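We will walk from strand pairing to charged side chains.

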Amino acid sequence: FFFSSRRRHTRSSLVSWARRCVQETAFKELMKENEIDSVILPEPQPLIMRVFRKTQSLLPTYLFCMVIGNYTKIEFPIEKDLPPMRVFLRPDILKAAEDFIPDIFKLTKEGINFFQTFLRTPYSFSKYDQCFIPEFKEIAMENAGCVTLSEDLLDYDSRYQLTYLMMHELAHHWFGNLVTPKWWDHIWLNEGFATFFGRFCQYKIQSFHKFGDPMETVLFKKRQLYTFSGDHPIIVDVDDTKKLESLFDLVEYEKAGAIVRQLMYTLGEDVFQDILAMYLDANKWGNVVTADLMNCIAKRVGPKFDILNWENQWLRNAGVNKITAHFEVKDQKIARYIIAQDPDSKGIYRMHSVCLLFYKKDNTLELMENVQIKAQPETEIIELKDKEAPLATFVNAKDCTFAIAGLDSDSGKVLVKVLENEKLEGLDPVSYTHLR
């Protein structure tokens, strides 16, 4: 038996309680864990009352979870600076999954260490259990210290997806569990950050690479988003919980995750770390809105980053822009290098930070980092004037902004020919996958 406050149940009392909990993200109760006593209640209803030790912290009620059944428990040896880690799964699937159990513990350990270091914030819960549940239609859920996952993910062909979901749910223990949005209109502070960090872990930690290329999935999801018919702003007004089912979509997960990636690239990884450490420390065990994150950015970066316009363009308006680089050549030098931007369907232009790629005449590559595109039809990159003209150029090499990246006709012909015959030496995996 599995019960979580984000599920619907046939028993009316559970339905009522679950609906009340799922609606109140800002309502935090002292939950209980670690059973310390049990009492058999008298007739006429012989029930067992179980008593648990109180947790030390406030938790959102939607993170409440009970898992009951015939599960085999596997424990990982306790290590310094790590919580006790356990895996629970049914005996029927233990043999088929036992070869992957060491990987689960290894990846979880490396993931926790990564988050604690990158976010400069310790894991704040007393344990970390991962329970594999049969017939679990939600696939995965970040219950505090008791993550639930579909046991179907243990199939060999699903293990790449499982490694991502493991890190996605682990990320929620900072973004969602430790710091919780006040209401559902700011859910991107949960799902956008968990989506980004789930893939960022896969990319940064070598142990994940044997299971697949995270960028393949990211770019596939983003291509879906570019033509997503149900597009809406990342921040939407949620005046009724009946809207929740439609809110958990590609925009709140994949697009919001891409915006977090873009924010890190724009600000710089070190500055991004400073901001998140400040944000988590200031709001731990509390509730937040988007303004709380924006205030942390303002304190760290100051007026050089246009926060209000960034938030309005990227979070409060739907749509996607197309950006394409064009360059004029004179005497084998760049006479003019322009990045053109098409407005979205509502006529909105956006600020972008991109990495430019140049394929040179000696068949080598050159990158130009952190090129700023203004929220206007054309941005001229003055720094490139009189530089050696390349054979081809690509405007979003490291996939650092959320935009459709176009190619001018000459660059397109050159790069297609090159990619058909060879892998570009020195090109990072993200750029290579993006170009392909």
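Start by selecting residues 322–330 and 333–342: these are strands β12 and β13, which pair in the antiparallel sense over nine bridges. Bear in mind as you look around that this is a predicted model. Within the pair, pick glutamate 328 and you will find arginine 336 of β13 standing opposite. Then move to the turn: the hairpin has two residues between the strands, and aspartate 331 takes a positive phi near 55° there.

Now show the charged side chains; the model holds 18 salt bridges. Select arginine 199 and glutamate 254, whose salt bridge spans 3.1 Å from N to O. Arginine 199 sits in helix α5 (188–204) and glutamate 254 in helix α8 (250–267), so the pair ties together parts 55 residues apart in sequence. Arginine 199 is buried at 9% relative accessibility, and glutamate 254 is buried with 9% as well.

Go on to arginine 350 and aspartate 344, which meet in a salt bridge of 3.0 Å, N to O. Is arginine 350 buried or exposed? Arginine 350 is buried, with a relative accessible area of 1%; aspartate 344 is buried too, at 6%.

Finish on the surface: select Glu135, Asp152, Asp155 and Asp157, which gather in a patch of negative charge. Glutamate 135 lies in the loop between β7 and β8 and is exposed, at 77% relative accessible area.

Terms used: Residues numbered from 1 in each chain as written. Predicted model: local features only at pLDDT ≥ 70, side-chain atom pairs only at ≥ 80, totals over all residues. Heavy atoms only, no water. Patch = residues over 30% accessible without salt bridge, like charges linked within 9 Å, V, L, I, M, F, W, Y side chains within 5 Å. Areas by Shrake-Rupley, 256 points an atom, 1.4 Å probe, with all protein chains shown as cover. Salt bridge = Lys/Arg side-chain N within 4 Å of Asp/Glu carboxyl O. Lys, Arg positive; Asp, Glu negative; His and termini not counted. Charge placed at Lys NZ, Arg CZ, Asp CG, Glu CD. Helix = DSSP H or I, 4+ residues; strand = E, 2+ residues; numbered from the N terminus. Buried < 20%, exposed > 50% of the residue type's maximum accessible area, 1.4 Å probe, protein only. Pairing = 2+ DSSP bridges.
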